[in-house]
Amino acid sequence: MKVEGLNIHPLKSGRAIPVESAAVRLDGLAGDRRFMVVEPDGRFITQRELEALARVEATAVGDSLHLEMEGRQLFASFDPEDRLDVTVWDSPVNAAVTDEAVNDVLSDWLARPVKLVHMDARAERLEGEDWAGSPAPVAFADGFPVLVTTTGSLADLNRTLLAKGQEPVGMDRFRTNILVSCDEPWAEDLWESIEINGIAFDFVKPCARCIMTTQDQMTGERIGGNPIQGLAEKRMSADRRVPGVLFGWNAVPRGEGEVRLGDTVRVTRTRSERWPMKVRA
């Protein structure tokens, strides 16, 4: 098995950026989800409620951020002394916030009041102790540092969608970090840990999927095949701890280094049982 794809998402819920290599840190791939759009009171915003974020392309320039949306450009810098308490779900983070002039322009782009924040060197977030064994450092991702998916599972989902008369979908719908080439569908359910270029990634929790998977990742429109309906055929969790349909696994890096396209992926530990799924009547 090989690394088939690598992606970072500098702005949470903004467009993905495919990369040929990525530095791996304990809190995820370098540059992934280090910036975030929030409500004026600090609550996080995603494509779930603001589809226009899919049209925002963000590029980090050191600790600053270049934003582009439909031909308009904006450059955001961050003074480490200007800070805002923000939340990702119920997880608090004290983050750097950009100046009001930038926030006003971004609010105009997105047609609602927002602020742009940065998880800088002074910000800290630890999550997932119940699943990872100890608290894992993480940026603005929903819960864990790295999301891993496989080509075989996407192919199986698309076969289900085609059988339902729907269009196939691309892996971009799932906003993965590391895509592994693996012909066997759902083989990852039995992986407890993998190794890439000497770095261990522990698979700690399956990823429940939401309405974002139904959105085109260039326009934000809810068009094309509906992965939720496809996954409901045989990927509906039977474990109340992670309700809903599942695709991909949340992983925690246990070391640092670099991963590259084409790197060998080796399964180092396996589970004895798959995650339980509901059987449709």
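The protein chain has 281 residues, for which a compact globule would have a radius of gyration near 19 Å; the chain has 18 Å, which agrees. This radius is taken over C-alpha atoms, and the globule rule is 2.2 Å times the number of residues to the power 0.38.

This is a predicted model, in which local features need pLDDT of at least 70 and side-chain atom pairs count only at pLDDT 80 or more, while totals for chains, interfaces and linings use all residues. Residues are numbered from 1 along each chain as its sequence is written, and side-chain values use heavy atoms, with hydrogens and water left out.

The C-alpha trace spans about 55 × 40 × 35 Å along its principal axes. The secondary structure comprises four helices and 20 strands; these are DSSP runs numbered from the N terminus, with at least four residues for helices (H or I) and at least two for strands (E). Of the 281 residues, 53% are buried, meaning under 20% relative accessible area with a 1.4 Å probe, protein chains only.

Strand β10 illustrates this burial: six of its eight residues are buried, so the strand is largely enclosed by the rest of the structure. Its pairings are listed below; two strands pair if DSSP finds at least two bridges between them.

| Partner of β10 | Residues | Sense | Bridges |
|---|---|---|---|
| β9 | 78-88 | antiparallel | seven bridges |
| β11 | 115-118 | antiparallel | two bridges |

With β9, strand β10 forms a hairpin with two residues between them, and W89 in the turn has a positive phi of about 55°. V88 stands opposite S91 in β10, and A96 stands opposite H118 in β11.

Key
Buried means under 20% relative accessible area, exposed over 50%, partly exposed in between (1.4 Å probe, protein chains only).
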